[in-house]
Amino acid sequence: MGIASDALKNFKGFNLKNLPEVEPVSPGHRACQGCGEVLALRQAMKAIGTNAVVCSATGCMEIITSPFPQTAWRTPWLHVAFENAAAVVSGVESAFKAMNRKKIINQPNTIFVAYGGDGATADIGMQALSGALERGHNIIYFCFDNEAYMNTGIQRSSSTPFGASTTTSPAGKKSSGQSTWKKNMAEIAVAHGAPYVATATPAFPIDLMNKVKKASLVPGPAYIHIYSPCPTGWRCGIDESIEIARLAVQSKVFPLYEVIDGEYYLSRKVAKPKPVTEYFKPQRRFRHLTDAEVQYIQGRVDENYEKLLKKIVVEDKKKEKE
Amino acid sequence: MSKQIGIEVSLAVAEAVGLCDVDVVAAYPITPQTHIVEHLSELVADGHLDAEFVPVESEHSAMSACIGSSAAGARTFTSTCSQGYALMSELCYIASALRLPIVMAVANRALSAPINIWNDHADLMYARDTGWIQLISESGQEAVDMSILGFRIGEDKRVLLPVQVNLDGFTLSHFIEPLTIPDAADIKKFLPPYKPALRLDPDNPATLGPVGMPDIYTEARKAQDEALKASKPIIAEIFKEFGKQFGRHYNLVESYKAEDAETIIVIMGSIAQTAMTAVDHLRSQGKKVGIVRLRVFRPFPGAELFNAIKGAKNLVILDRVKSFGGGEISGPVALEIKSVLYDKQHHPKVGNFLVGLGGRDVTVQNFEEMVERVASAKIGDLPAYEFINVRE
Ligand SMILES: Cc1ncc(C[n+]2csc(CCOP(=O)(O)OP(=O)(O)O)c2C)c(N)n1
Ligand code: SF4
Ligand SMILES: [Mg+2]
């Protein structure tokens, strides 16, 4: 047993009957219609509650929740810059630790959250995140992965999937869009020895919220990579975010799993996988792909899924009832 | 009782910061700042200082963690210089805009390239527009006192700004000097516990660092500017209070034999000590030379400086950085002073000299040369700046 499994021994999760009513991220923010990222943020924060300090990277979720003098935040919230949310939260957590110990404050159960988009996490903020994970602060880091720099107009990131057309990896006569494979941030977090790492998506809200809850119970750093559809950037319908996120899981493009003290647990087994073409269909960012390219992607998706299965020790038997 | 001891200045600064009962230190090593943070981590490790030492992976994260820590309401310290300062500079603007009274010691060092670990004021000047208060030490004692004063000034409710305590790398940071480290109880009396006006508090949530649209950005900037402007008399007031309690008296601008001087050397930092030797020598030859030293560079004490130099016919202004701008623009210290002189319609002869770059020695002879150069020049003959002690 490790520190995470110890902390989760008596874990009682959320179900459809006991969802918290609290909305730390209140409605009325300025996200685009159908935004999957703000939905993920909302679900995650419902599971956290308001006894938390939240540090935000620059990006869509910062801009749309904090246009002065308005705010969507019911928790204390701090935005500093694009690439440093993990370092900022390290400072906040250290400050609370020192001040609680020195009896300057009495808030020992505060939860420390940092979040960033895929650009803030996998690209420019990778070093700060690596430092925070390695130092072992008692923090939770969310990466809201919409697979591009959306806030600045859909530029590619290292988390943009192979073949996706973005404004800096445009499909053209001599280009099939993004030419590199998506960086696997969850595995990078695992490699740091973080006691709790998980993947999630708002298409499976109970699963997402339970993972967040677990992350909050585990001492030390927790990392959750949250796949978050963006209709504006993915060029799909504003009513298709959840459908696409579900297809991402069902097609094995984005498998849901947890890594607790380094041990892998599959959150949902994909028994009858859908072809990636079904996942691509509603998204115009993939429209240009040739059959050969689709085949190549399918091959790699299958291969990656097999690799993941080999690491799994336990499959979660309880299926989510949704 | 305060004690006088012989101690390396870096260690003394760390001791003083420790006596200020900081809660969080987040820092990254860089020569010649290392001894300051090494000693602080030692104080924590030995249980002499009850603080969190956050060994961050870069200076960028050092200042990021300091911002998080200070916003959480903790007394927060860091230290850096040169490349480290440059790396964290993005965040330095944000620290002041968020009105966080972080104290940072900068063991002033040259900027690359070529890479050079020795002393000049490149990092000090890099920081001048960031909205921080900049204090400058001449001696180890001053570095110690400025560190204590930094917390008191920055945390004053009327100020709430971060403070940079500058001490020359190596020539101060690594010197062993006899100096007085104030007594913990005295420091406690002078520096009450930090009570933030606003903190990241789950019981009282606030949104910090929001988006500022064009309709409020200018107002936000103006409010910040007002704070820095208003800090000048408060700094002077706190210096006075410090003098009363500790017997060491500081001013925004310091003078040495300047009252009747025809030629005044304007200077910052530890080379003032060499300048004093030169002035004593020139005075012994009957030459009326004095020194005016800026202790505070931001907020710029224009009025106090003018009062100190207005009687002089010749000004020898030293800059310890090459701030690139072409041949017609003086160095940063001279630029500020020239703008004060212009506003006062006052026209002494001004010579601006770039000296002591990247650890180059500045000798007594160099000072005499500069004084002679300005004194003997015809009005209008002096260039915007010139290098001294340089191979062609
Ligand atoms: C140092 C720095 N570089 C670039 C930017 C511009 N910028 C702001 S947000 C952003 C992209 C954000 O992308 P991501 O992190 O994926 O978040 P999203 O908006 O997609 O949610 C960029 C490039 C910045 N603010 N700071
Ligand atoms: S651009 Fe995309 S991620 Fe950003 S607010 Fe709009 S839908 Fe959400
Ligand atoms: Mg993104």
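**Where two domains of chain B meet**

**View 1. Polar contacts link the two domains of chain B.** Between domain 1 of chain B and domain 2 of chain B, 16 residue pairs are in polar contact, with both residues at pLDDT 80 or more. The model shown is predicted. On the domain 1 side, the elements that give two or more residues to the side touching domain 2 are helix H5 (122-126), strand S6 (133-136), helix H6 (140-155) and helix H8 (214-246) of chain B. H8(B) supplies the largest share of that side, with five residues. By residue type, the domain 1 side that touches domain 2 divides into 14 nonpolar, eight polar and seven charged residues.

**View 2. Salt bridges cross the interface of domain 1 and domain 2 of chain B.** The rule finds five salt bridges there. One pair to look for is B:Glu142 and B:Arg295, which form a salt bridge. Their closest N and O atoms are 2.7 Å apart.

**View 3. Chain B is divided into two domains, with contacts between them.** Domain 1 covers 3-246, and domain 2 covers 253-387. The C-alpha centres of these two domains of chain B lie 28 Å apart. How many residues of domain 1 are in contact with domain 2? The count is 29 residues of domain 1, in contact with 28 residues of domain 2.

**View 4. Domain 1 and domain 2 of chain B bury area between them.** The buried area is about 2,200 Å². Carbon and sulfur atoms account for 55% of this area.

How values were computed:
Residues are numbered from 1 along each chain as its sequence is written. Chains are lettered from A and ligands numbered from 1 in the order in which they are written. This is a predicted model: local features need pLDDT of at least 70, side-chain atom pairs count only at pLDDT 80 or more; totals for chains, interfaces and linings use all residues. Side-chain values use heavy atoms; hydrogens and water are left out. Domain bounds come from an automatic or database domain assignment. Contact means heavy atoms within 4.5 Å. Buried area is the accessible area (1.4 Å probe) that two parts lose on being put together, summed over both. A salt bridge is a side-chain nitrogen of Lys or Arg within 4 Å of a carboxyl oxygen of Asp or Glu. A polar contact is a pair of N or O atoms within 3.5 Å; within protein, one must be able to donate a hydrogen and the other to accept it, and residues adjacent in sequence count only if both atoms are side-chain atoms. Helices (H or I, at least four residues) and strands (E, at least two) are DSSP runs, numbered from the N terminus. Ala, Val, Leu, Ile, Met, Phe, Trp, Tyr, Cys and Pro count as nonpolar, Asp, Glu, Lys and Arg as charged, and the others, Gly among them, as polar.
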